[in-house]
Amino acid sequence: MGTKSKQNARIYFFMLLVPLFWGGAFGAAKHVITEISPITAATLQFGPAGLILLLVVTMRSQWKIDVLKKQWFGLLMMALTGILGYNAFFFVALGYTSAINGSLIMATTPVFVTFGAVLFLNETWNGRLGFGLLLSLIGVFLVIIKGSLETLVSLTFNAGDLLFVAGLICWVVHGLIGKVVMKESPPLFTTTITMLLGSLFFAIWSLFEGGWGMVPNMSGQSWIEMLFLIMCSSVVAFLLWNKGIHQIGASKSSLYMNLVPINATWIALLFYGATITWQQIVGMSMVIIGVYVATTSHNISSIHLKKKKANNTIT
């Protein structure tokens, strides 16, 4: 086996840690916000994580001042949508809904990013993408209405589920902007800058929230969970995610997102005493299948497009 094959084999294995860490973040964050306020929790997570990534970028000499000057607006918008917007909705939403519901709604991200790329970035549309999008939407819708027509008719939706939908929109916009920005800005540099900016905005917001007085009274469990959120869900997961995109491509990497709701579910059940309903099981199945169909269709379209370009070059 060649060196490149060995490297790819290792990254396929290590990429399994990404959905494990991101899935675990739902249960951990839900417990942390029972002891401190949501925005303070977000500041505690992303402030240290941003500083650690800053150290990594500095040690690797990957500062890109020219990129920062050219792409500052895009990086700012990524910070506002993906770090500030998404995570504000994430932490607040967990106060109203379950970690399982949140993970299911956010698991549709690859489908909507691909759909958004078709609408705004001139990427290819096909039937598999449409089917995956529809199936994922139905799965999420089933979870939100809890399989009850009464919920649909009365429009009495769970506030946390709706906040997660708002967070999903923020994350999708962040992903679409990132597709443009990262044509020139390396993923690690992009992640570091956006995380630093986002944590700065959170720090300012937290001063008005007035939740720092609760931090010294956090339990040992919450501090362990916060350490997990900082090191595993933020730093390690993002570094592995960026490395995965670099080595095996965005399409293959996105398939690992299918495991996030599965990991979030068993972690919530095992460690946090959560319960699971038939609506969540059916919804999870539909979302996972929908995401798989949509993301693999995008990968197939890319392959066909490359072959077509190659044939045109030969002729």
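Modeller: A polar contact is a pair of N or O atoms within 3.5 Å. Keep in mind that this model is predicted.

Biologist: Thanks! What makes the side chain of Thr-194 and the backbone oxygen of Thr-191 a polar contact?

Modeller: The side chain of Thr-194 reaches the backbone oxygen of Thr-191 at 3.1 Å, and the cut-off is 3.5 Å, so the pair counts. The side chain of Thr-194 also reaches the backbone oxygen of Thr-190, at 2.8 Å. Thr-194 is found in helix α11, residues 187-209.

Biologist: Why is Thr-194 called buried?

Modeller: Its relative accessible area is 3%, and buried means under 20%, so Thr-194 is buried. Leaving out residues up to four places away in sequence, Thr-194 touches Leu-75, Met-78, Ala-79 and Ile-83.

Biologist: Now the aromatic pairs: how many are there in the whole structure?

Modeller: The search finds 15. In one of them, the rings of Trp-22 and Trp-241 have their centres 5.5 Å apart and their planes at 50°.

Biologist: Why is the pair of Trp-22 and Trp-241 called tilted?

Modeller: Stacked needs under 30 degrees and edge-to-face over 60; the planes are at 50°, so this pair is tilted. Trp-22 lies in helix α2 and Trp-241 in helix α12, so the pair ties together parts that are 219 residues apart in sequence.

Biologist: And what makes Phe-271 exposed, but Trp-266 partly exposed?

Modeller: Exposed means over 50%, and Phe-271 has 57%, so it is exposed. Trp-266 has 38%, which lies between 20% and 50%, so Trp-266 counts as partly exposed.

Note on methods
Residues numbered from 1 in each chain as written. Predicted model: local features only at pLDDT ≥ 70, side-chain atom pairs only at ≥ 80, totals over all residues. Heavy atoms only, no water. Helix = DSSP H or I, 4+ residues; strand = E, 2+ residues; numbered from the N terminus. Buried < 20%, exposed > 50% of the residue type's maximum accessible area, 1.4 Å probe, protein only. Polar contact = N/O pair within 3.5 Å; in protein donor to acceptor, adjacent residues only side chain to side chain. Contact = heavy atoms within 4.5 Å. Phe/Tyr/Trp six-rings, centres within 6.5 Å; stacked < 30°, edge-to-face > 60°.
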